[in-house]
Amino acid sequence: MKHRWRPLVFLAVLALLAAACSKDEGTSQADGQSSQGKVTLELWVFEGEDTFLPNLKAGFEAEHPNVTVNITLIPEESYVTKIDTALAAGKPPDIGYMYEPRWMKAGKVLPLDDVIASEHVDTADYNQSAFSYCHLDGKTYCLGSYNGAIMLFYNKTMFDEAGLPYPSATVPMTIDQYAATAAQLTTRSDDRADYVWGGYADVTTWWLDWRIMFSEDGRQVEGLLNDAPTIHLYDVLAKMVRDGTSPSEADFQFFGDTDLLVTGQMAMNIGENVGTPPALDKAGVDWGAAPVPVEQAGDQPWVSSWSDFWGAFASSAHPQEAKEFIAYVGSEGNRLRAEAGNLPLNTKVAEEENWVGDSPGRAEVLDVVKLARPGIFLPANIFSLDSPLWDDFSLIIEGDLTAQQALDDAAPAMQESLDRAWESWEQI
Amino acid sequence: MAGDRGVDVNLEDLGAVGTAEPPAMAELQKTRRRRRGRRPPKGRIAKKEQRAGFLFASPWLLGTVLFVLGPILASVLLSATNWNLLTSAKWVGLENYRDMIQDRNFYQSIKVTLFYTMLAVPLYQVAGLLLALLLNQRVRGMYLFRTILFLPSVLSGVAVAALWVSLLNPDLGAVNQVLRSIGIDDPPRWLASPSWAIPAVVLMGLWGVGGGAIIYLAGLQNIPPSLYAAARIDGAGTWQTFWQITFPLLTPTLLFTLLIGLIGAFQVFDTAFVLGGSRGGTRGSLLFYVLNIWNEGFRNGRFGYASALAWVLVVAAAVVIVLIFVTSSRWVYYESES
């Protein structure tokens with residue numbers, strides 16, 4: 001008799017194993033349907049948001065007494081891998097940062113258009129360069145709270161001493177004007193500690209409009225990366241390093257993590273607006289901000305921007321609450337950012353909350369951020385595409401290659417990577 | 001007399017000895033075959049013991065099936081699909097393998113890996129052997145020397161690589177500062193130079209050569225001292241002793257270290273990642289094959305293509321290893337063969 005139970009026991013074990021291994025995708029509720037009773041929203045966020053996150057959690061929970069927000073801190077460098085793995089296992093958090101557009105393309109993220117309308121989230125004054133990242137195929141998948149932007153910071157005292165006018169906060173210099181200004185601001189010395197570099201030169205993918213090297217549809221590199229204006233741009237930038245008007249890689253390595261603009265060893269630097277202004281204020285530097293230089297006269301100003309792109313994963317068991325939370329981030333979260341001293345993504349909120357205060361530098365930062373315009377879409381992280389450019393820039397500086405040779409060499413390699421990225425994108 | 005599990009057979013009874021099988025021998029073979037083919041009847045205790053055996057082994061068996069064989073088989077299937085983790089895998093047959101023909105990173109990674117292998121494996125073999133010969137001397141404090149020389153090989157590869165990044169810094173690194181101080185005004189840019197990056201990695205690897213030396217040392221100490229004594233009596237010099245005794249008797253150890261060295265060279269990842277980043281150093285000069293697999297899978301989200309690349313490596317490594325094994329009979333000397 002006892003043998004009869006064996007198949008049943010075996011089947012039960014199999015069923016348990018199958019249940020344990022299966023994706024839990026059937027628990028999600030229909031869009032727009034609010035959960036009954038107590039709800040816990042799982043958030044996976046980066047470390048280092050010690051002021052903003054507790055306020056955000058407290059504020060949202062106060063408005064939604066049935067919701068508890070559970071925050072899990074994930075190191076930034078492993079964030080994408082963890083989300084990818086969780087998505088593959090069917091167990092992502094309810095809410096996370098939308099750092100990979102492929103999650104949106106694969107239908108793993110909920111569109112937010114309905115909640116943006118119902119919660120009256122005003123996105124008209126968002127930094128449009130950053131916000132363009134949240135759009136795909138006419139839908140909006142994420143909202144943000146802070147405004148990260150790349151701009152040119154400069155030391156006003158050094159400009160005064162050199163008798164040079166301050167860079168405009170609304171009209172960018174051309175690369176030639178920038179290089180000439182940097183040369184005038186440079187004070188040479190045999191001792192690195194006494195050297196003052198006038199400017200900063202580097203590969204442009206992280207600070208300049210991608211349109212100088214990619215076509216508007218993001219599919220073409222060859223012929224644009226190695227066209228005459230871009231060759232000239234790289235020629236000028238490499239010459240700045242060679243001539244000692246910009247620090248070299250060795251100089252940066254020598255000084256380690258030191259911000260040379262803060263220590264008064266650079267007159268102009270291209271950097272981000274989150275950490276630089278507080279550091280300059282703390283050091284007592286009289287500083288200003290301007291848009292980064294452009295390739296040639298007549299080019300529109302460019303402000304590379306980003307935010308904390310919050311989105312809700314489609315497998316969330318509480319989609320309505322998750323979307324409401326993101327709407328809260330996109331509206332009230334911007335005010336909380338301003339209270340925490342960060343520039344909010346919504347520039348109107350920055351003005352209403354008097355983020356500028358009595359700082360002329362902050363006023364210029366806000367002016368620069370208002371110049372931001374949507375970028376072009378690329379199907380892959382730029383840093384997975386531009387490695388040939390980094391290599392070749394070093395070789396131009398070393399004099400091993402001319403800018404023409406280097407960009408002619410980098411263009412087909414980048415085109416191949418780009419083609420592959422598009423192929424992968426279209427397979428999603 | 002020859003015995004076989006209770007069957008005693010007198011060889012003299014087997015009839016004529018020749019090339020044809022004698023009738024008595026044929027009968028014996030049949031008996032053996034019958035015995036082998038027929039399993040002894042299993043009692044309840046034997047069955048229980050068998051079940052218990054499987055039960056005790058089951059965690060390991062289950063682990064092997066789920067976490068070793070399963071993924072291996074899955075990667076074979078994956079190599080014939082397009083899969084990005086987010087959407088279900090799409091069957092593409094041999095397309096991933098065909099794509100390699102057009103992929104410049106594939107060729108670059110092969111070039112880098114082969115260059116490194118050809119440079120590093122022989123160098124580490126020779127350096128390890130020379131070091132072992134030194135460590136085999138009867139010198140006071142030898143245990144201390146052995147410990148010191150072995151120490152670097154127990155350090156983490158990542159930590160060692162991070163240390164060498166600063167030592168080999170072209171402008172500020174200690175290596176170039178020493179070279180400049182001895183009059184070399186324009187020393188190599190090491191990891192920043194496409195042509196010097198691999199030699200730099202090989203040079204770094206010498207740091208851990210003590211690990212290989214310990215294996216050679218074990219081999220050296222297994223050589224019977226009586227052979228050296230006999231050679232000395234016969235008037236053999238140091239050089240002759242090395243080539244006629246030491247080297248032949250070390251060839252099994254050499255075969256082992258060669259295989260381990262080759263497999264290690266095919267699998268370079270952590271050092272390359274730390275030294276050149278995931279992009280594979282300046283102009284792909286450190287784009288080792290396994291790093292390229294990682295890039296395709298985890299950076300480009302092409303897990304099918306990455307699996308196909310992995311299988312090409314497995315097959316290539318298997319071919320090389322089989323070739324070495326096949327040819328080893330010509331150059332590996334086992335003492336028992338004498």
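Strand β6(A) is joined by five bridges to strand β7 (residues 268-272) of chain A, and the two run antiparallel. Within this pairing, I150(A) lies opposite E272(A) of β7(A). The model is a predicted one.

Two further strands of chain A pair with β6(A). Strand β8 (residues 287-290) of chain A is antiparallel to β6(A), with four bridges between them; here L152(A) faces A290(A) of β8(A). Strand β9 (residues 305-306) of chain A likewise pairs with β6(A) in the antiparallel sense, over two bridges, and W306(A) in β9(A) is the bridge partner of G148(A). The pairings are set out below.

| Partner of β6(A) | Residues of partner | Sense | Bridges |
|---|---|---|---|
| β7(A) | 268-272 | antiparallel | five |
| β8(A) | 287-290 | antiparallel | four |
| β9(A) | 305-306 | antiparallel | two |

Because eight of the eight residues of β6(A) (residues 148-155) are buried, the strand is largely enclosed by the rest of the structure. Burial applies to both of its faces: one side carries G148(A), I150(A), L152(A) and Y154(A), the other A149(A), M151(A), F153(A) and N155(A), and all of these residues are buried.

A separate matter is the contact between the chains. Chain A contributes 21 residues to the contact and chain B contributes 19 residues.

Notes. Residues numbered from 1 in each chain as written. Chains lettered and ligands numbered in written order. Predicted model: local features only at pLDDT ≥ 70, side-chain atom pairs only at ≥ 80, totals over all residues. Contact = placed C-beta atoms within 7 Å. Buried ≥ 20, exposed ≤ 12 C-beta atoms within 10 Å, placed from the backbone. Pairing = 2+ DSSP bridges.
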